Protein chains: 4
Amino acid sequence: MAASKPALRIGLIGTGFMGKTHAFGFAAAPRVFDLPFELVMHIVADRTQELAADAARTLGFARGVGDWRAIIDDPEIDVVDITAPNALHKEMALAAIAAGKHVYCEKPLAPLAADAREMADAAEAAGVKTQVGFNYLCNPMIGLAREMIAGGELGEIRSYRGVHAEDYMADAASPFSFRNDPVGGGALADIGSHALATAEYLLGPIAEVLGDCATVIRARPDGQGGSRAVQTDDVGRAFLRFGNGASGSVEANWIAMGRKMQHDFEVYGSKGALAFSQERFNELHFYSADDSAGRRGFRRIEAGPDHPPYGLFCVAPGHQLGFNDLKAIEVARYMDAIAGNAPEPFNFRAGLRVQQLVETIHQSAREGGWRRP
Amino acid sequence: MAASKPALRIGLIGTGFMGKTHAFGFAAAPRVFDLPFELVMHIVADRTQELAADAARTLGFARGVGDWRAIIDDPEIDVVDITAPNALHKEMALAAIAAGKHVYCEKPLAPLAADAREMADAAEAAGVKTQVGFNYLCNPMIGLAREMIAGGELGEIRSYRGVHAEDYMADAASPFSFRNDPVGGGALADIGSHALATAEYLLGPIAEVLGDCATVIRARPDGQGGSRAVQTDDVGRAFLRFGNGASGSVEANWIAMGRKMQHDFEVYGSKGALAFSQERFNELHFYSADDSAGRRGFRRIEAGPDHPPYGLFCVAPGHQLGFNDLKAIEVARYMDAIAGNAPEPFNFRAGLRVQQLVETIHQSAREGGWRRP
Amino acid sequence: MAASKPALRIGLIGTGFMGKTHAFGFAAAPRVFDLPFELVMHIVADRTQELAADAARTLGFARGVGDWRAIIDDPEIDVVDITAPNALHKEMALAAIAAGKHVYCEKPLAPLAADAREMADAAEAAGVKTQVGFNYLCNPMIGLAREMIAGGELGEIRSYRGVHAEDYMADAASPFSFRNDPVGGGALADIGSHALATAEYLLGPIAEVLGDCATVIRARPDGQGGSRAVQTDDVGRAFLRFGNGASGSVEANWIAMGRKMQHDFEVYGSKGALAFSQERFNELHFYSADDSAGRRGFRRIEAGPDHPPYGLFCVAPGHQLGFNDLKAIEVARYMDAIAGNAPEPFNFRAGLRVQQLVETIHQSAREGGWRRP
Amino acid sequence: MAASKPALRIGLIGTGFMGKTHAFGFAAAPRVFDLPFELVMHIVADRTQELAADAARTLGFARGVGDWRAIIDDPEIDVVDITAPNALHKEMALAAIAAGKHVYCEKPLAPLAADAREMADAAEAAGVKTQVGFNYLCNPMIGLAREMIAGGELGEIRSYRGVHAEDYMADAASPFSFRNDPVGGGALADIGSHALATAEYLLGPIAEVLGDCATVIRARPDGQGGSRAVQTDDVGRAFLRFGNGASGSVEANWIAMGRKMQHDFEVYGSKGALAFSQERFNELHFYSADDSAGRRGFRRIEAGPDHPPYGLFCVAPGHQLGFNDLKAIEVARYMDAIAGNAPEPFNFRAGLRVQQLVETIHQSAREGGWRRP
């Protein structure tokens, strides 16, 4: 009986763009999925009590608190959800883990892999369930791609081309920000992390990388009338060797004028190929060498009920999911993991892995030569 | 202060696909928009008390009732939301209007224009605010198209081509259903209504129509081992004359094999053109004759914060809204209308208009000759 | 042995855009195809001897003449190729037929169907081989579409949507020209003829039409400082009933701002669909309902050696044919017909048919009601 | 006066696919362009006298010879055109240069850069005009891209992504061939050369490369029932630093299942971007940051008379050039160079440059580290 669902109480830290997206996910997921829990949007923390009270009302939480530690200390809270600035993730997560909470954390897990490892180790030692917000992977069409690759529909996988390019840093007049921080900053860490996560999600572990990073806008306004030197990469690239023998490449580029969400990939196998663009993320293009001669071509498969969990959002194909829907799927999958019904889809260990890949590519770019992550 | 927002209590009738979509809209809208009301998902009605209780839990309503009249009779209810079968819309809406409720009704408003007119008249007489669910019109890119046309960016509008094609009725083995009912059924009524609503939304009133309707699958299984003759149109077309002098056409086709959501249009003016496809509804393609020679071409404009209210869902362009997000926008706009902050975006009078267009095209197809709707 | 090929001597009338394109076709065809004849570019006629002599040199003809009748009178000439203004087609063709020449004529065969009929009758009575230049039909991908339809790959054909839209008349300041001549002018005759030819080429005879024609730019500069009223259609549309039972529509539009060559169609059948755009005419998009669930989508088939005669131009797929190559194919097919190896691909009877369709649509638009062409 | 055009006599060596394409170019160019010469297709050489005689008839040459040296020795020959196997290019070209002929040679100029250098040095010392067949660069849209970049329409160029992927070697059962020869073979040399030529044509000299080459199909049938090890690259990649400061990458891949002609690039600058795909080579996609807010997007510019020399082929835009037309442009440009009216568009020195880039990338891939070509 639905009536008997146990409650799961959530404490959200952070009310910015990502905090709002998470609140949206918590509100939407129970209306779309038959979750194992009754989600209770219990507490939201912001910098002051007043801001938090406002956020509680807007985002639909029962109450707000001006200090995130109040969430950690509340014995009723089951899940701590961290959408605060990256630099605070570690402290918050370790505190939550120490209090026995499950922890949901936005990406990147931490600016440095060493910190991410500490977080992953702590979570595993405590036996709590963790999740990092790589929500592009929740797209049914990415799931379809993974399933097709794993199921051998492309044959032996031979090569991969991935990119994540946007233009939000293309304006040289936009000021130096936390994104340019030498620790944890740069295009590769910020969005290359998505390209790397997708690559491994589809093809399995990357065995070796050869990196190349370029700083194009070498100084940015410091916000005080002067300028500040930039050391982080505007474009980060890597050649890849996958454990399965395939070779590939990724590019991260946040100054790609005109690109808004070019999180794209192409996978080539001995029997077929896939091509995907996040700017049209409800489509997957599939070429099958098994089609008859003269009738072969990339098929534009449109997302529909054949591609779970699309059908829970909409009974008709071609209507399309949106970015926020991917967050609802992420929430639902995390709930399944907490209930023990499924493995964690992208836990702290997976978040650490992405950080390691980023750092290994940085190291390779700096020092030269192939490196094992 | 947000705290002072008045409550608006909603009673939802119907828990099928559209009921679920509405519930999603009610849950999502307050997390995206600063609504003038505190939405209270108060009562949901289903065919039995038990079903309704389950639905209440799943959809997030306070309680369920086994008889929709309990919603009408409840003095606390402010808005009656009707997602029940089309044939019941009129009775329910008239009852709600009589009780002084605002009424939100899924499309089509009623199978016959005469009934729709009765509903529109009653609502206006009672002074309640009404809304019909033409949610494609809530797409920011459709809004952009309308704004560009109205603002003269295309110059004088000269011609229009609209289509709404899907393939959900393409299988001749799928049984006779309410969609094939001679009263109110057929492709033109079911999806041509969208094409017509979009055409008038963009270009203003249609002055004359010349219709053409074709029944392709002339009999369908009756579900009892026999077959039943079909009289409704599988393909409905019309030539159009707009009040602004432009000419155009629309096609409704529910047996267009391979098409999932081809709600498309092209608008040609003296200075530019627009092209749109609902299967990629976060894009609008714009040709400007003002671009310099050798540099002209259709621009793929991607939805972003420049296209309100996209930015309330996501601060970054290219991330894309989904079908359900359009329903959240529809809810928000209806709330603004109820609060008196804006005109009703698509009220019963507008719903009636679409029915009239459909019936006029049917009549023209049957009898021949141009007709004024 | 190639050495034994008989010569076929060509006399070309007209040296404008189309004359040049034909010369290109005569030069290219023998280098691509193993033609049954040795093509001899014998005489070209222009308005003066001097112009003709220049044209002969440029276009590769042996000599030029200042009077087209010299071509008719030359007993060595086997084929008379007419690319002169439309109004002259009839006189020239009848003279050539009377002289026992084969006649190749650019479209339209004649401004009026009555004239075209006289030409077709004369050619058949004389037993000469004729060809009208509908070169879009020579595209291998159009051939593929026809073959797939005829072979049942789409199942029973149910509906059709065709368009031919360009913007070469979109500028209201461009002067009144022969294209606006009440006899034989207008968008439907000029480019709608292509849309109609393609429709019948793919689906077979059109049984009935319902027309709609609109004059948008009602006056154009007369070139003498004044303006002249325009009566011909800028947009011509028709609903269609095909002999095979399918219904459809075509639109001709020469003021479709931004469109350069939108000669497009979509065909829907009970088992599949095709979509084509002339602006990417080396592609055909094919949807097969036989593909497995979750893997269906429109396939972008790229032209290649699997699609004859592409392979004669290029051994590798994806390299693309150009507009002029289509003319070389047209020439080669006409040569095969003259040699008696194949039926005439698009003879005067076929050219007449297109004119009849145009006139029937005009009549329907003027008088109302469905008409049989 | 056209009558006074001097003759230019051509001797073609090789009658395979490329020989045929060249013959097509010689036949088409004079019908499209006002060339400075009267082209005379004088002699064609094949392996035997009989084959050559047949080829002469088919390709339109005056006579055929069974020994290519007869072309070198013929004092009437002005241009020697080499489309023989790559391994023979050097011997033939040096002989032709020694005889004072202009030399037109298919790509690659020679399997090894050292040989190519010898050829370039000899040509320059002899003062003859040379041309290597990189015909993709003759595409008007590539010319437009170059012009836009050089003219500053994209602002400062920041990054580049190039690829040339096909699938003609994707079948592991296709036998070992000259393409797999350790000297001069592999995907990078065969098609990566195109990607590199395009990169430098657009952005100027590449200053440094970091290579990565992968052999995927490690053995192929030897045509005698056994198998033969493959050492050449199936996928070759490089990171690039351009002299102008931009960074970039190229990938060559001949086992990219489903790709027929993915010779694509994206260029990002501080004010705009370009995207191009050879599979739709009559289009160039242009993003301008100068467009107004909310109206920006990649414009699909279609080739037309605004993009010379398109207009010489066709007076109307959107009709499209084909692969063979690019060869006609190449011929015309070479003629202009021979006449002294323009610099050689892509001479032996340029052909050498491409070989150097290929070899430097191979070396970098083998030994590690960035290398200057």
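Author: Gladly! Let me begin with a definition: helices are DSSP runs of H or I with at least four residues, and strands are runs of E with at least two, numbered from the N terminus. By that numbering, Gln320(B) lies in the loop between helix H8 (310-313) and helix H9 (323-338) of chain B. Please keep in mind that this is a predicted model.

Reader: Why does Gln320(B) count as buried?

Author: Buried means under 20% relative accessible area. Gln320(B) has 6% relative accessibility, so it counts as buried. Gln320(C) is buried too, with a relative accessible area of 6%.

Reader: Let's turn to helix pairs. Why are H1(C) and H1(D) called roughly antiparallel?

Author: The two helices, each residues 17-32 of its chain, pack at an angle of about 165°, with their axes 10 Å apart. Angles over 145 degrees count as roughly antiparallel, and H1(C) and H1(D) are therefore roughly antiparallel to each other. Their crossing is right-handed. Among the residues that meet there are Phe24(C) and Arg31(C) in H1(C), and Phe24(D) and Arg31(D) in H1(D).

Reader: And what makes H1(D) and H9(D) roughly perpendicular?

Author: Here the angle is about 65°, with the axes 8 Å apart. The range for roughly perpendicular is 65 to 115 degrees, and H1(D) and H9(D) are therefore given that label. The contact includes Phe17(D), Met18(D) and Phe26(D) of H1(D), and Phe323(D) and Val331(D) of H9(D).

Reader: How do you know that H1(D) is mostly covered?

Author: Of its 16 residues, 12 are buried. Among them are Gly19(D), Thr21(D), His22(D) and Val32(D). As for length, H1(D) reaches 22 Å from its first C-alpha to its last, close to the 22 Å expected at 1.5 Å a residue.

Reader: How do you know that the span of helix H5 of chain D agrees with its number of residues?

Author: At 1.5 Å a residue, the 14 residues of H5(D) (113-126) should span 20 Å, and its end C-alpha atoms are 20 Å apart, which agrees.

Reader: Which residues of H5(D) are buried, and what puts them on the same side?

Author: The buried residues are Ala113(D), Asp115(D), Ala116(D), Met119(D), Ala120(D) and Ala123(D). They cover an arc of only 155° around the axis, which puts them on the same side of H5(D). The buried residues pack against helix H4 (89-98), strand S6 (130-132) and helix H10 (348-367) of chain D. On the other side of H5(D), Ala114(D) and Ala125(D) are exposed.

Reader: One last residue, then. Why is Ile142(A) called buried?

Author: Its relative accessible area is 1%, and the cut-off for buried is under 20%. Ile142(A) lies in helix H6 (residues 140-150) of chain A. Its contacts include Tyr136(A), Leu202(A) and Phe276(A). Its C-alpha atom is separated by 8.6 Å from that of Phe281(A), 139 residues apart along the chain.

Methods. Residues are numbered from 1 along each chain as its sequence is written. Chains are lettered from A and ligands numbered from 1 in the order in which they are written. This is a predicted model: local features need pLDDT of at least 70, side-chain atom pairs count only at pLDDT 80 or more; totals for chains, interfaces and linings use all residues. Side-chain values use heavy atoms; hydrogens and water are left out. The expected span of a helix is 1.5 Å times one less than its number of residues. Buried means under 20% relative accessible area, exposed over 50%, partly exposed in between (1.4 Å probe, protein chains only). The arc is that of the directions from the helix axis to the C-beta atoms. Contact means heavy atoms within 4.5 Å. Axes are lines fitted to C-alpha atoms, for helices over the stretch in contact, and angles run from 0 to 180 degrees between N-to-C directions. Angles under 35 degrees count as roughly parallel, over 145 as roughly antiparallel, 65 to 115 as roughly perpendicular and the rest as oblique. A crossing is left-handed if the near helix is turned anticlockwise from the far one by less than a right angle, and right-handed if clockwise. Lists of a residue's contacts leave out its neighbours within four places in sequence.
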